[in-house]
Amino acid sequence: MKTNKLIAGIALAVLTSFSSCVDLDLEPLGRATAGKMENEEQAFLRLAAVYSDMKDFRYTWSTIAFGDVLSDDATYSGSDNDAATFTLMENYQYPADHNEILNKYSQTYQCINKANLVIRDFGAADKSLFKTYNRDQMIGEAKFIRAYSYFELVKTFGAVPLYTDVLELDHKRLGRSKVEDVYAAIEKDLNEAAAILPSKKDIDMATYAGRITKGAAYAMLTRVCLYEKKYDQVKDAAKKLFALNEYSLVDDYKFQFLLAGEHCSESILEVNMYDSRTLGAWNVNNGNRHVLMSMPRNLTIGFGVAQPTKSLAEAYDKAGDKIRKQATLLSSQEAVEIEKAAYGEVDPLTGDRTGFYNRKLYLKPGEREENRGNNQPLNHKLIRLAEVYLNYAEACALTGDEKEARTYINKVRNRAKLADIASTGEQLFEDLMNERHLEFGMEGFRFFDVVRVGWGPKVFKNFKQGAEVLPIPQIEIDISKGEIVQNPAPKS
């Protein structure tokens, strides 16, 4: 497993506007300078640098910090100081200078600029340089990552500046583009990526797993077009993915969240994570820091942040959903029992505010890295087949094909050993949204799912008008000198 990750998991890299270097765990490969490429090795380093942000905690932690903690499914928890940093956020009073808001915004734009560099320089490169790798396919990978990054921005902040050219140090700062223009750019990149990327059947998973495929582009189109309410396009993209006949739901729901389940039949895209032997800082490593953040505080090396709520547990209980509850929620009592079974006497659990932890991000003793806590080997899941099924079902339900919608909802329900639904109309949509809630528990979907359908006021306590999007970081407002206008503050 680790060997495959070292090969297939694009090595952690750091790229400024001018240069890049690759993971220090590997033999030094030299320095690639942006601009004209002289060999394939430089090309690979450039692409590795684009992938690197998808490993960076500052890019990905918002999945949980915003997607779950701003919903009814989780609270920030951890130490008293950790919890205090999110008190205003959880009450929908978003500080424009909040560190996680700045991290999300700046790190995502850094990733976009890396992708812009690859797209520009690979397009100008001599094709004869590429003998091992396919130049156009690599451009497709960069376009996918750029599209994924812009989607993360537009769903989080609404209208954002749209940069499709390389940013130099003296670049002109743009104002916020229209939301529809950002989505149009995302769709264009994904469609162009889908046209050139390889299918899963055309690659060797032992060496390619973790890189982007045609199926990932189609799956991402279903997500993007669902947010745009372009339901016919959701259905079209989903059918193209189904026609590939490369993915299937795993029989055991929890399997896909285990180390043994990485790159399973249901996985469409996940980021490879492993223990860097020489890299261990919180912002420079090849591991999944989400695991460290989420595991029980003091009982383990974890910080106990982003604890699932009793409300989420009750949602599973109300549905009679034992399988997904057990795979998603780890009770405090069971956590203590697991640790004691491995170590005998253990330190007391502290900072427990809900009685639950995220089992999808829990590694047992013997599975986790104890000495370099940031370097946890659990892959970061980005897209699963179950999401495409439910995206497709929603599009079908909202375009009059309720029978097809029920078919795909029930595929997901049956895997959880739940009975078929037979509802229609508004009740069918309610059932669909509840299914998404249970299927994607603690995977970062809940807040964004609820607000995209306009249910914030009816679902979330103390929700405020305008809280659907977060503020642009204040530093960006300040340095834009009036080019970027702030989102209005949420109002009661």
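## Cavities and selected residues

Strand 5 contributes the most to the lining of the second largest cavity, giving four residues. The model described here is predicted. Along with strand 5 (267–271), helix 10 (205–208) gives two or more residues to that lining. The second largest cavity is lined by 14 residues, and those nearest its centre are M205, G210, R211, H263 and I268.

Searching the whole structure gives seven cavities of 30 Å³ or more. The largest cavity has 33 lining residues, with T63, K381, E443, G444 and F445 closest to its centre. At least two lining residues of the largest cavity come from each of helix 4 (62–65), helix 8 (135–157), helix 11, strand 9 (380–384) and helix 17 (385–397). Domain 1 (38–197) and domain 2 (286–371) each supply at least three residues to the lining of the largest cavity.

| Cavity | Volume | Lining by class |
|---|---|---|
| Largest cavity | about 470 Å³ | 15 nonpolar, nine polar and nine charged residues |
| Second largest cavity | about 120 Å³ | seven nonpolar, four polar and three charged residues |

Two non-glycine residues with positive phi are found in loops. K229 has a phi near 65° and sits in the loop between helix 11 (214–228) and helix 12 (231–244). K229 counts as partly exposed because its relative accessibility is 49%. For N298, phi is about 75°; N298 is placed in the loop between helix 13 (289–294) and strand 6 (305–308). With a relative accessibility of 34%, N298 also counts as partly exposed.

K318 belongs to helix 14 (residues 310–319) and is exposed, at 80% relative accessible area. A distance of 24 Å separates the C-alpha atoms of K318 and A335, which are 17 residues apart along the chain.

Technical notes
Residues are numbered from 1 along each chain as its sequence is written. This is a predicted model: local features need pLDDT of at least 70, side-chain atom pairs count only at pLDDT 80 or more; totals for chains, interfaces and linings use all residues. Side-chain values use heavy atoms; hydrogens and water are left out. Buried means under 20% relative accessible area, exposed over 50%, partly exposed in between (1.4 Å probe, protein chains only). On a 1 Å grid over the protein atoms alone, a cavity is a set of points where a 1.4 Å probe fits but cannot get out, and a pocket is an open set with protein on both sides within 12 Å along at least five of seven lines; lining residues have an atom within 4 Å of a point. Grid points are joined across faces, edges and corners, and a volume is the space filled by probe spheres set on the points. Ala, Val, Leu, Ile, Met, Phe, Trp, Tyr, Cys and Pro count as nonpolar, Asp, Glu, Lys and Arg as charged, and the others, Gly among them, as polar. Domain bounds come from an automatic or database domain assignment.
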